[in-house]
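Please read the points below with the model open beside them.

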There are 2 protein chains.
Amino acid sequence: MSRPALFGGIEAGGTKYVCAVGTGPGDCEEVRFPTRDPDSTLREAADFFRAKAGERGPIEALGIGTFGPAAIDPRSPEYGRIKATPKPGWEGADVVGGMRGALGAADLPVAFDTDVNAAAWGERRWGVARGLDDFVYLTVGTGIGGGVVAGGRLVGGTGHPEVGHRRIARVEGDPFAGCCPFHGDCLEGLASGESLRRRWRCDPRTLPAEHEAWGIEARYIADALINLVCTLVPEKLILGGGVMDQPQLLPLVRKRFHERNAHYLDLRPAEELIVAPELGARAGVLGAIALASDLSRRARS
Amino acid sequence: MSRPALFGGIEAGGTKYVCAVGTGPGDCEEVRFPTRDPDSTLREAADFFRAKAGERGPIEALGIGTFGPAAIDPRSPEYGRIKATPKPGWEGADVVGGMRGALGAADLPVAFDTDVNAAAWGERRWGVARGLDDFVYLTVGTGIGGGVVAGGRLVGGTGHPEVGHRRIARVEGDPFAGCCPFHGDCLEGLASGESLRRRWRCDPRTLPAEHEAWGIEARYIADALINLVCTLVPEKLILGGGVMDQPQLLPLVRKRFHERNAHYLDLRPAEELIVAPELGARAGVLGAIALASDLSRRARS
């Protein structure tokens, strides 16, 4: 019996890189290390894949889910690169070309997408969105981002979604100006982990479960979900990210979502519609593996 | 040479029905009449299609773009019907079954979708969105609705979008409570033609071009577009509907959109991105013809 094809996956975050080799959740070996300058970081990733190739055999394709903004459209001359970013050294970095170079494999098939698109794809292959064609993966962490699947495909016309930079209705009397350097009070400016830290002048993880912070947070997230539902009518809304680790938050979001819908849209109960991810922190890197295996299958057919 | 296949289209509005027979913009014959109770209305539509069948031959398929909410998912047991609506007599009305019955054609292929999805599809086939796979058609009239195309398909998971009922950020100091009976100050509640009428206590068409009303209106529409762009990154945003007939409004929306984006998303110039529909008032019924011809082609292949 021939060995199953192996794939490589990278969750390329702004603070850490997670690399994995395998075929899925059951057999992936992973490594994680801090994100430094592009050259050193991509070389460290390549060292891992080379070592694993020696043990288990070469990978057939590589999937990368990166922090953004990133040029993910294969028709773009900038394809495979990081776009304008405040992260030192990374603006214009050629991630796809750099990985192929560091691996000495100029022809390696590489799927290049955002970290949140990869996470969404991972949840669709092996997680809570298994078999679904219409859903959203929203991550509420230091920033806010999302991957959108509609009609079984990742959504994005001339670029990738930036769902965190949508404008939302403020909670009446909320005096916080918002912390987004571009927009002030967009969703990320009002509801990201960073906004919680600045608004309440503390590590948000230290705020008690009954603190008013969580009611306000839940209303902002609920409004973002209402807007996503009005546009996409998805089958599931998956809420990930560090801020969602607060166990009181998901039930609060569901309650506020129900109130703000006001019985208008005929939806399934909020408990079924708005859910936690199933793959947790592994969604991104496993999604990168899933993107690689899809690319490989398409290349063979 | 055989005659080209003919298709029927219905733009089924809440105040008027528009019916057409033909193959496209160049040869469609149309009729329009007021929407009465379901039985009389569907019978009047059927009379038109029968008369045209006598002159030009039978239609191969029928497309219907209806006011909503409507059960457009073929997997739903309610498929083909109008859902909960305040319009007297229409709640639960079986539009697809009723048309087949009135035409005495139980096997006629019928495509059933919303009026705004049909209009979007019409603009994609013959209008300003020709050849585009990712765009939004937004209509700002008495109410606000939209059709969303992503990856070349109409978007909608468990139902059709209701883009007018999204929540948006209020203009600072705007004292108007909004007129949506469900949500108060959702987009439709703050920016529909009906909201303009109530807010300014007059027919909005009588408001001068330099009236502050249009600046506020442009900001609300711009914010809706920002949110749609953050989710979908479309290639075009098409703005139709009676309120957009005000010639000063489209340039104002583009200006506000540019300000609210604050150079964050790397987009094409607002003049190319945010455009008027090309088919105008014919988009809906021509889109219904396009839906019918697509259905017919799928049925044959």
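**Notes on the predicted model**

1. Ala111(B) is buried, at a relative accessible area of 12%; buried means under 20% relative accessible area, exposed over 50%, and partly exposed in between, with a 1.4 Å probe and protein chains only. Ala111(B) sits in strand β5 (residues 110-114) of chain B. Helices (H or I, at least four residues) and strands (E, at least two) are DSSP runs, numbered from the N terminus. Leaving aside residues up to four places away in sequence, Ala111(B) touches Leu62(B), Gly63(B), Ile64(B), Leu291(B), Ala292(B) and Leu295(B), where contact means heavy atoms within 4.5 Å. From Ala111(B) to Gly26(B) the C-alpha to C-alpha separation is 21 Å, and the two are 85 residues apart in sequence.

2. On conventions: this is a predicted model, in which local features need pLDDT of at least 70 and side-chain atom pairs count only at pLDDT 80 or more, while totals for chains, interfaces and linings use all residues. Residues are numbered from 1 along each chain as its sequence is written, chains are lettered from A and ligands numbered from 1 in the order in which they are written, and side-chain values use heavy atoms, with hydrogens and water left out.

3. Over all chains, the whole structure holds 53 salt bridges. The rule asks for a side-chain nitrogen of Lys or Arg within 4 Å of a carboxyl oxygen of Asp or Glu. One of them joins Arg125(A) and Asp294(A), with the closest N and O atoms 2.3 Å apart. Arg125(A) lies in helix α3 (residues 115-126) of chain A and Asp294(A) in helix α9 (residues 283-300) of chain A, so this pair ties together parts that are 169 residues apart in sequence. Arg125(A) is partly exposed at 29% relative accessible area, whereas Asp294(A) is buried at 8%.

4. Which helix holds both Arg256(A) and Glu259(A)? Both are in helix α7 (residues 249-261) of chain A, three residues apart, or about one turn of the helix. Arg256(A) is partly exposed at 26% relative accessibility, and Glu259(A) is partly exposed with a relative accessible area of 44%.

5. In chain B, Arg124(B) pairs with Asp133(B) in a salt bridge whose closest N and O atoms are 2.6 Å apart. Asp133(B) counts as partly exposed, at 33% relative accessibility. In chain A, a network of salt bridges links Asp27(A), Glu29(A), Lys52(A), Glu55(A) and Arg56(A).

6. The largest nonpolar core has 85 residues, and Leu225(A), Ile274(A), Leu225(B) and Ile274(B) touch the most other members. Such a core is a set of buried Ala, Val, Leu, Ile, Met, Phe, Trp, Tyr and Cys residues joined through side-chain atoms within 4.5 Å. Not counting residues up to four places away in sequence, Leu225(A) touches Leu138(A), Leu237(A), Leu239(A), Val253(A), Phe257(A) and Ile274(A).

7. Chain A and chain B each give 39 residues to their contact. The area buried between chain A and chain B is about 3400 Å², with carbon and sulfur atoms giving 55%; buried area is the accessible area (1.4 Å probe) that two parts lose on being put together, summed over both. Arg167(A), Thr231(A) and Tyr264(A) supply 22% of the area that chain A buries against chain B, more than any other three residues.

8. How many salt bridges cross the interface of chain A and chain B? The rule finds one. Lys83(B) forms a salt bridge with Asp266(A), the closest N and O atoms being 4.0 Å apart. On the side of chain A that touches chain B, the elements giving two or more residues are β7 (144-150), α6 (212-232) and α7 of chain A. The most come from α6(A), with seven residues.

9. His183(A) lies in the loop between β8 (153-154) and α4 (187-191) of chain A and is buried at 10% relative accessibility. Among the residues that His183(A) touches are Arg167(A), Arg260(B) and Tyr264(B).
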